[in-house]
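I have put the cut-offs next to the terms as they come up.

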Amino acid sequence: MKPPFSRRLVACACAATMLAVSGCATVDHRDPADPFEGFNRAMFAVNEGLDTVAIKPVAKGYDAVAPLPVKVAVGNFFGNIWDSWTAINNLLQGKGGDALSDVGRVLINSTVGIGGAFDVASEMGLTKHSEEFGQTLGKWGVPDGPYFYWPFIGPRTTRDTFGWLVDTYYDPVWRVDNVPLRNSLVAVRYTDLRASFLPADKIIEEAAFDKYSYIRDAYLQNRRSAIFDGNPPSLFTEDNYDY
Amino acid sequence: MKYLLAWLFGVFSLLGSAVALERSPDALVQQVTDDVLTIVRQDKDIQSGDTSKALRLVETKVLPYFDFQRMTALAVGRNWSKATPEQKQRLSEEFKNLLVRTYSNALTSYKDQTISYRPSNFEAADTEVVVKTEVKQPGGKPIPLNYALEKQGGEWKVYDVIVSGVSLVTNYRGSFSREVHSSGIDGLIQMLGDRNKQLASSSK
């Protein structure tokens, strides 16, 4: 006779837990922020492969062909679209002054800056901010949750993965009705973003001993700083500071 | 008259050294940054990726203002106290070479960025400060670039460089402590040494 379903479920859960615990024990110095390191390293390898054969060559081509003013205009154009989302997120974080300044930026750059191609507002002293929903959730006290490395979008904590989903739902570029136009816009933005990271490639390649963990640790430090708007409380307690 | 000149000269040199001693940390960062970027802007070799030339520039203009012993201690973390003085010396030397290379690589990718200095508020009595700067690049958002400095006998020394909230020093903590855990302090020295040798031979 088969044991009742609930009993089997309990047995199954026990076995899974034991497997997970023994899995933990085999990996030395596991980072508590990264419990799914095996999965993440696999995804990282996938992304590195995609990047080498497709994304990076396209970004390099774009970087070589497009003159600087064009690249600047492309960056400004998508930056201007994002500024509206930044304004909303600053408002959600209770930073009314920043939100107002961001709205001013969008109004000025969309008109005087010819559809966002020129960042006139920065010249006028309206500082560019950059906020997304993940930061807003962080400000509201939502913890990071486990770290993930996703195909295409790269590193995200669990909270920032949800943040990214909300960002994408809002994203005016993804809401363009004309599908070929929408896809082209998304591709150009992605290429421009990748091209902007080209100079960092060599630096990371030479500086990192384990590229996966170097990027993970840098990402987590960067997010911490972003949520505190560049002023995170010091992590260095006497305990890990003494030497 | 001769004596007067000599006396004036003496006073000026005294004043000069006093000014150098009293130089505020933000003034120091600004001066070193301006010096280095003035050279990079005129140097076509560095702009086209000549790392060895950038290395020499960093070694002469930037190195004297960095405290590599403290940087290494920060990167190694609690294992630092387990290292012998000789190991500490060798670790610092290897880590210094690696960081100088990272810094030089960053310089070779310099294009049209400008640096702005953000107001820093610190007291005259402070011995540890963070100087905040921003790298502005056309078409992109400004990148915060901060320097942590410590006052040592009247002079300020940089012990951490923080790019977009990422400390170039503490970002090594995880991989360094893993290496010490598996192969000890000497293993870490070896790992750094191997990397430096490999980088030095590939850039020739």
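1. Let me start with a loop. S164(B) sits in the loop between β4 and β5 of chain B; helices (H or I, at least four residues) and strands (E, at least two) are DSSP runs, numbered from the N terminus. Its phi is near 50°, a positive value in a residue other than glycine. S164(B) counts as partly exposed because it has 17 C-beta neighbours inside 10 Å. On that scale, 20 or more other C-beta atoms within 10 Å make a residue buried, 12 or fewer make it exposed, and partly exposed lies in between, with C-beta atoms placed from the backbone.

2. A word on the basis of all this. This is a predicted model, where local features need pLDDT of at least 70 and side-chain atom pairs count only at pLDDT 80 or more, while totals for chains, interfaces and linings use all residues. Residues are numbered from 1 along each chain as its sequence is written, and chains are lettered from A and ligands numbered from 1 in the order in which they are written.

3. F152(A) is found between β1 (147-150) and β2 (154-157) of chain A, and its phi, near 65°, is positive in a residue other than glycine. F152(A) counts as exposed, because 11 C-beta neighbours fall inside 10 Å.

4. Now the overall layout of chain B. Seven helices and five strands make up its elements, and from the N terminus on they run α-α-α-α-α-α-β-β-β-β-β-α. Of the 204 residues in chain B, 32% are buried. Two residues are in contact if their C-beta atoms, placed from the backbone, lie within 7 Å. Among contacts in chain B with a separation of 6 or more, 57% come from residues 24 or more positions apart.

5. The strands of chain B form an open sheet of five, in the order β1-β2-β3-β4-β5, with antiparallel pairing; two strands pair if DSSP finds at least two bridges between them. Its edges are β1 (114-117) and β5 (166-167) of chain B, each pairing on one side only. Four bridges join β1(B) to the antiparallel β2 (residues 128-136) of chain B, and Y117(B) stands opposite T133(B) in β2(B). Helix α5 (residues 68-76) of chain B packs on the sheet, touching β3 (143-152) and β4 (155-163) of chain B, and its direction makes about 35° with that of β4(B).

6. How many of the nine residues of α5(B) are buried? Seven are, so the helix is mostly covered. They are F68(B), M71(B), T72(B), A73(B), L74(B), A75(B) and V76(B), and what covers them includes α6 (85-108), β4 and α7 (173-202) of chain B. After α5(B) comes G77(B), with a positive phi near 75°.

7. How do α5(B) and α6(B) cross, and at roughly what angle? Their axes come within 9 Å and cross at roughly 95°, which means that α5(B) is roughly perpendicular to α6(B). Axes here are lines fitted to C-alpha atoms, for helices over the stretch in contact, with angles from 0 to 180 degrees between N-to-C directions; 65 to 115 degrees counts as roughly perpendicular, under 35 as roughly parallel, over 145 as roughly antiparallel and the rest as oblique. On the α5(B) side, F68(B), Q69(B), M71(B), T72(B), A75(B) and V76(B) meet L91(B), S92(B), F95(B), K96(B) and L99(B) of α6(B).

8. The largest nonpolar core has 41 residues, and those with the most contacts inside it are M71(B), A75(B), F95(B), L149(B) and L188(B). Such a core is a set of buried Ala, Val, Leu, Ile, Met, Phe, Trp, Tyr and Cys residues joined through C-beta atoms within 7 Å. Elements giving two or more residues to this core are α4 (51-61), α5, α6, β2, β3, β4 and α7 of chain B. Apart from it lies another core, of six residues, among them V74(A), F77(A), F78(A) and W82(A).

9. Finally, the interface: 32 residues of chain A are in contact with 31 residues of chain B. On the chain A side, α3 (68-92), α9 (198-207) and α10 (211-227) of chain A each give two or more residues, and α10(A) gives the most, with nine.
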